[in-house]
Amino acid sequence: MDDHNFMRVALEAAKKGDAPYGAVLVKDGEVFAIAHNTVKQDHDPSAHAEINVIRKLTAKLKNPSLEGYTIYTTGEPCPMCATACIWAGISEIIYGASIIDLVEVNQSQIDISCEEVIAKSFRNIRVTRGVLREECLSLFKKG
């Protein structure tokens, strides 16, 4: 599978969420965990798709380290989610719609890019932007 296929998995997950955010953790070409946004369902402001997928996999592995994993997410990770990726040791973030895209379609966002958060951290995480951007944006425009 390639980046587009993994993002399609995230897109499918996003359709199940309170908001159209879906996230997938991948390593060595294999999907290890999938999650979506459950903020309203769980009454938990931290239940973003990225946080949920990190919690799911670290609990399964019984290990807080996700070094070597790539996270695919329909929307650029907010500062909280980017920080969680840093603490988990995720190696790469691949997202569809940027925070600026999301603000333009009236999604509440903190206007700080995940790259700004990473740049001020102790870890170097690769970031790939805009994978299936239009498909991701179309979910946010509907939701």
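Reader: To begin with, is W87 buried or exposed?

Author: Please bear in mind that this is a predicted model. In it, W87 is exposed, with a relative accessible area of 62%.

Reader: Which aromatic pairs does the structure hold, and how many are found?

Author: The search of the whole structure finds four aromatic pairs. Among them is the pair of F6 and Y72, which is tilted, with 5.2 Å centre to centre and 40 degrees between the planes. F6 belongs to helix 1 (residues 3-14) and Y72 to strand 3, so this pair links distant parts of the chain, 66 residues apart. Both F6 and Y72 are buried.

Reader: And what about W87 and F122: why is that pair called tilted?

Author: The ring centres of W87 and F122 are 5.1 Å apart and the planes stand at 55 degrees, so the pair counts as tilted. An angle over 60 degrees would have made it edge-to-face.

Reader: Where do W87 and F122 lie?

Author: W87 is in helix 4, while F122 is in the loop between helix 6 (114-119) and strand 5; the pair therefore ties together parts that are 35 residues apart in sequence.

Reader: Turning to the strands, which elements make the β-α-β unit?

Author: The unit consists of strand 3, helix 4 (residues 79-88) and strand 4, and it is right-handed. Strand 3 (residues 70-75) also pairs with strand 4 in the parallel sense, over five bridges. Within that pairing, Y72 has I94 of strand 4 as its bridge partner.

Reader: What stands opposite I94 in strand 5?

Author: That is T128. Strand 4 pairs with strand 5 (residues 126-128) in the parallel sense over three bridges.

Reader: How many residues of strand 4 are buried?

Author: Six of the six residues in strand 4 (residues 92-97) are buried.

Reader: A change of topic, to the cysteines. How many disulfides are found?

Author: The search of the whole structure finds zero disulfides. C81 is in none, and the nearest cysteine sulfur, that of C78, is 3.7 Å away. A disulfide would need the two sulfur atoms within 2.5 Å.

Reader: Is C81 buried or exposed? And C114, buried or exposed?

Author: C81 counts as buried, at 1% relative accessibility. C114 is buried as well, with a relative accessible area of 0%.

Key: Residues numbered from 1 in each chain as written. Predicted model: local features only at pLDDT ≥ 70, side-chain atom pairs only at ≥ 80, totals over all residues. Heavy atoms only, no water. Buried < 20%, exposed > 50% of the residue type's maximum accessible area, 1.4 Å probe, protein only. Helix = DSSP H or I, 4+ residues; strand = E, 2+ residues; numbered from the N terminus. Pairing = 2+ DSSP bridges. Right-handed = clockwise from strand over helix to strand, strands pointing away. Phe/Tyr/Trp six-rings, centres within 6.5 Å; stacked < 30°, edge-to-face > 60°.
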